[in-house]
Amino acid sequence: MLELTIKGSKRYTIWVLILLAVIGVGMGTYLWQFQEGLGITGLSRDVSWGFYIAQLTFLVGVAASAVMVVLPYYLHNYKAFGRVTILGEFLAIPSVLMCLLFVLVDLGQPMRMLNVIFYPTPRSVLFWDMVVLNGYLFLNLIIGWNVLEAERNQVAPPKWVKPLIYLSIPWAVSIHTVTAFLYAGLPGRGFWMTAIMAPRFLSSAFAAGPSLLILLCLLIRKISKFDPGREQIQSLAKIVTYAIMLNVFFLLCEVFTVFYSQIPEHMDHFKYLFVGLKGHGALIPWMWTSMSLMVFAIIMLLIPSVRRNEKTLAIACVAIFIGTWIDKGLGLISAGFVPNPLHHVNEYIPTVPEIMITIGVYAIGALVLTLLYKMAISIKEEVAAA
Amino acid sequence: MEKSRRSFLKIAGVAALGLGAKPAIDVLAAGGGTQEPEPALVRGPQAMTAQQWAMVIDTRKLKTSGDLEPLIEACHKIHNVPKMPKKNHEIKWIWEDEYGHVFPNLHAEFVDESVEHRPFLALCNHCENPPCVRVCPTQATFKNSQGIVTMDMHRCIGCRFCMAACPYGARSFNFFNPEPYIEHVNKEYPRRMKGVVEKCNFCAERLAVGKMPACVEASNGAMAFGDLYDPESEVREWIRSNYTIRRKQNLGTSPSVYYII
């Protein structure tokens, strides 16, 4: 099936070349970081995780796109999603791949990465994160590949794939839960020490992932002969509507607990994000933008006519994607470190090389997504033509 | 590299650290494989041992920054701690801060004047229940047989999970190669490379040859050091006869550094 990724339209070739160029720049910058050390980033003794780990946190959510189409199709026999399960699975693969790459570029000694396997440590949540992320990557690769190949040959997928599909559903929940546990179990980090962290990760994931999937479906319809389907897009839109409302609800639960209890260790981080702390507040405009985008999207999606119109639906999806990205990819990680355990305020702002490496990793994800989607769509077109 | 690491281990008598150093030895064993005999774990004749090493700082005797400076210097000099040019990349094993920052949960608007202006020492607490050890995915940071939370610099992958987990901000990361920023290299103690985390080790390498930690030695009797579980030890004597507090005791980490206020 890989041969389908080699030949394509001129537009396709140019897009792939652009991505390769961006990846080249990102890789070059990474080599510099590899040579010099993480000092070329904006990270510091106080804010020791930043942009890279935040992207991991956000992209774990995007990977949830798969389960939101797989679950209704396989567990509820919702036939319409049969057409798009492959798109969900093939979006999950580059998302998880990017997660793993972001962990890699964040390591101080990446050459020793395999120590996590040589000295397996079950009490460390990072060990489990490695297990669930890799597991989810391979599950989606194996499932997606086999189901697509069967579709191409117009036969039923092999029987052994079914149990793997069922396994992939709880597994999807595990990647968010375990990633949330990276943060939620740390004493002395009041911002993250909340039992609702994992549910928040799930809700934002089920909003961000399917939002991106809707946008991709609309794009595919425009640039290929394959139409993912109006009903499919509308069903995804309903999932997104519930998920984004839950996400904002969970956040408000957090705000209540933190501010009604008035415990400074928990309050200070929220204050830093939304109103500033001791004169520092680099993220204030971002956080309010994020909140506004999410509320704006909820209002839009709740109006049936707006949701049914694919143009306005697309706008809501973009708003959700950006809103949840700011929340997870910008605010959540650095705010956990500000103020620091000794209650000093040292802010974090990513540097240009750090952003270039980040864009490079995103370009790798976009390239893998492009190749996988090209393969899947070519086969869909091939089957439709036959 | 392999060779020098090995000879360092022999000379400095890290073997004397006892079973706590086992992970470091394992790393060597995995890398070896030639005719050379395996390094053996033998405690040196002068080695001091404890079930849980602990420290008591009598803050009444350390009144000014000038009192703290020599003992911070002693530590950083002996352990090849670099002076990084940027504050973001600062590396410190033991440092000075105000009461309200060292004990943020005890911070109050109105406190005893002498306490308010007194400088306080902050360092790794060598917790009995250390969160940094719990989260390390490679066991590069571990609690040795003497209760010291220490590190295997050759195993650390630089993920910095321990830095997120430590509630005391005791850990530093080598954002760059520290080598050029070490003023006077002490060849008796290893230097670090870029990309690894480091912190106070309660002078495990000195205890192994019968010496007190550098800061304690330089403190002119303002600090006591000993076995927390030996009722006759100096630390127990100080704790028995003075009211002491520990940092963020409510987190259940059980810090081994006590402060007399």
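Q: In chain B of this predicted model, what share of the contacts between residues at least 6 apart in sequence join residues at least 24 apart?
A: Chain B of the predicted model has 10 helices and 10 strands, and of its 261 residues 46% count as buried. Among the contacts in chain B between residues at least 6 apart in sequence, the share that joins residues at least 24 apart is 68%.

Q: Which element of chain A gives the most residues to the side of chain A that touches chain B?
A: The contact takes 31 residues from chain A and 39 residues from chain B. On the side of chain A that touches chain B, the elements giving two or more residues are helix 5 (115-118) and helix 6 (125-153) of chain A. The residues of that side divide into 13 nonpolar, 13 polar and five charged. The element that gives the most to that side, with three residues, is helix 6 of chain A.

Q: With which residues is I320(A) in contact, leaving aside its neighbours within four places in sequence?
A: Once the neighbours of I320(A) within four places in sequence are left aside, the residues in contact with I320(A) are A207(A), A208(A), S211(A), V240(A), I244(A), M294(A) and A297(A).

Q: Why is helix 7 of chain A described as oblique to helix 8 of chain A?
A: The axes of helix 7 (residues 161-184) and helix 8 (residues 197-223) of chain A come within 8 Å, and their crossing is right-handed. The angle falls between the range for roughly perpendicular, 65 to 115 degrees, and the range for roughly antiparallel, over 145, so helix 7 of chain A is oblique to helix 8 of chain A. The crossing angle is roughly 135°.

Q: Which residues of helix 8 of chain A make the contact with helix 7 of chain A?
A: The residues of this contact divide into 10 nonpolar, three polar and no charged. From helix 7 of chain A the contact is made by V173(A), H176(A), T177(A), T179(A), A180(A), F181(A), Y183(A) and A184(A). From helix 8 of chain A the residues are M197(A), A198(A), F201(A), L202(A) and A205(A).

Q: Which residues does A282(A) touch, not counting residues up to four places away in sequence?
A: A282(A) is found in the loop between helix 10 (264-274) and helix 11 (284-302) of chain A, and with 15 other C-beta atoms within 10 Å it is partly exposed. The C-alpha atoms of A282(A) and E347(A) are separated by 7.6 Å, although these residues are 65 apart along the chain. Not counting residues up to four places away in sequence, A282(A) touches E347(A) and I349(A).

Q: Is N77(A) buried or exposed?
A: N77(A) is found in the loop between helix 3 (65-75) and helix 4 of chain A, and its phi is near 55°, a positive value in a residue other than glycine. Because N77(A) has 9 C-beta neighbours inside 10 Å, N77(A) counts as exposed.

Notes: Residues are numbered from 1 along each chain as its sequence is written. Chains are lettered from A and ligands numbered from 1 in the order in which they are written. This is a predicted model: local features need pLDDT of at least 70, side-chain atom pairs count only at pLDDT 80 or more; totals for chains, interfaces and linings use all residues. Two residues are in contact if their C-beta atoms, placed from the backbone, lie within 7 Å. Helices (H or I, at least four residues) and strands (E, at least two) are DSSP runs, numbered from the N terminus. Ala, Val, Leu, Ile, Met, Phe, Trp, Tyr, Cys and Pro count as nonpolar, Asp, Glu, Lys and Arg as charged, and the others, Gly among them, as polar. Axes are lines fitted to C-alpha atoms, for helices over the stretch in contact, and angles run from 0 to 180 degrees between N-to-C directions. Angles under 35 degrees count as roughly parallel, over 145 as roughly antiparallel, 65 to 115 as roughly perpendicular and the rest as oblique. A crossing is left-handed if the near helix is turned anticlockwise from the far one by less than a right angle, and right-handed if clockwise. A residue is buried if 20 or more other C-beta atoms lie within 10 Å of its own, exposed if 12 or fewer, and partly exposed in between; C-beta atoms are placed from the backbone.
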